[in-house]
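I opened the model and took notes on chain folds, domains and confidence. The entries follow.

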Amino acid sequence: MNGDLGKDGTQRADDERVGAPARLDGNVAAGMLSEVFVHDFTSARTTSATCGAARSVGALLVYAHGMGMVMRCPSCNSVVMRIAQTPGRLLLDATGARLVTLAAAAPVVA
Amino acid sequence: MSTRTSVASHVTPIAWRLATVSDVVQETSSVRTLVLDVPGWPGHRAGQHVDVRVTAEDGYQAQRSYSIASAPEDTRLELTIERLDDGEVSPYLTEVLRVGDRLEFRGPIGGYFVWEVTLGGPLLLVGGGSGMVPLMAILRHRAAASRALHKMPARLLYSSRRWEDVIYRDSLARLAQDDKTLEIAFTLTREQPDGWTGFRRRIDRMMLAEVAWPPSERPHVFVCGPTPLVESVASALVELGHDPAHVKTERFGPTGVSR
């Protein structure tokens, strides 16, 4: 599923302020997310708590700030997840994700 | 035993590691390829990236993401990096770093903007500027891994400002020469050499209609470049009838995390 193809062209124009962070894709959050999740989290799907659209994390819209990233739903533009790094701490807010679906890990063979 | 090792490597956070620069290739006036020796490199998938971290003497760190340019089949890892004049990291990587220097990075990263021959074709790759880098990894992987290229034909539409800014000119010419199922279309948006027969404008819907596979062929589409290019291309492709689920995008922009 691709994130950026919603019918939200007008809605997004609000984000094009001078000095606003560039809009990127969830792909770019993969490194930070790997510090929290053992799976590649960009292949996971999140369901927006606001509109119910299910998207690959790689297809979410990412706004990168100095300390972290805000990840928005490409359908309704609401915040799905925020991840931030402070000295000594990693913070993840996923209140905007109603559901997260991951492929099951391969079983460990002894 | 080997199964256990491979699973264990998945449940460990992606580690920061040190590479040694073994070669530097000047691709254009502002773009360099760093060829890296990475002990214990686990291999990657075409389209993945790495996070590079540079640390100043006072401990200040800056981190950026760069796409991998080499194919998984290549023996050495290559990153192609464009110098951004107001950048914090790219001027160091493109002007200061020398053969023999160390580079700290983690990867490979990302499982979304990825193509493997097992996914098949046809392939439509649309790139702008240094957005060509992960697309080059995909083309190199396709050429190296498949003995049945005709089963996964590929088309590349590549936008640059001028001919001198086209990254991988020679490599692309070689790939196309050896492979009749690879078609490459260039568009030069700012300046064209004498006798230029390619496109000479920004990528638009009409150009995509001319170059792209029809939606009925269900191509795998990868679009990479600056955010405005990626968004206009992705929207135009959907207007032309392409399935949004088959259009994967990677926008280029400031990705930095500093601390």
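I started with the confidence score: pLDDT is the predictor's confidence in each residue, from 0 to 100. Helices (H or I, at least four residues) and strands (E, at least two) are DSSP runs, numbered from the N terminus.

**Ground rules.** I am reading a predicted model, where local features need pLDDT of at least 70, side-chain atom pairs count only at pLDDT 80 or more, and totals for chains, interfaces and linings use all residues. Residues are numbered from 1 along each chain as its sequence is written, while chains are lettered from A and ligands numbered from 1 in the order in which they are written.

**Confidence.** I noted ipTM 0.76 and pTM 0.86 for the model. Chain B has a mean pLDDT of 91, with 93% of its residues at 70 or more. Where in chain B is confidence lowest, and where is it highest? The lowest mean, 44, belongs to helix α1 (residues 2-10) of chain B, and the highest, 98, to strand β8 (residues 154-160) of chain B. Residues 1-10 of chain B have pLDDT below 50, and beyond near neighbours in sequence this stretch makes 8 contacts in the model. A contact means two C-beta atoms, placed from the backbone, within 7 Å. I keep in mind that low-pLDDT coordinates should not be read in detail.

**Overall build.** I found 6 helices and 12 strands in chain B. The radius of gyration of chain B, taken over C-alpha atoms, is 18 Å, close to the 18 Å from the globule rule for 259 residues, so chain B is as compact as a globular protein of that length. That rule is 2.2 Å times the number of residues to the power 0.38. The C-alpha atoms of chain B fill a box of roughly 50 × 45 × 30 Å along the principal axes.

**Domains.** In chain B, 16 residues of domain 1 are in contact with 16 residues of domain 2. On the domain 1 side, β1 (16-28) and β5 (77-82) of chain B are the elements giving two or more residues.

**Helix α3.** I checked α3 (residues 132-145) of chain B, which has 14 residues and reaches 20 Å from first C-alpha to last, close to the 20 Å expected at 1.5 Å a residue. The expected span is 1.5 Å times one less than the number of residues. Is α3(B) mostly covered or uncovered? Mostly covered, as 11 of its 14 residues are buried, with 20 or more other C-beta atoms within 10 Å of their own. M132(B), L135(B) and R140(B) are among them.

Terms used:
Buried ≥ 20, exposed ≤ 12 C-beta atoms within 10 Å, placed from the backbone.
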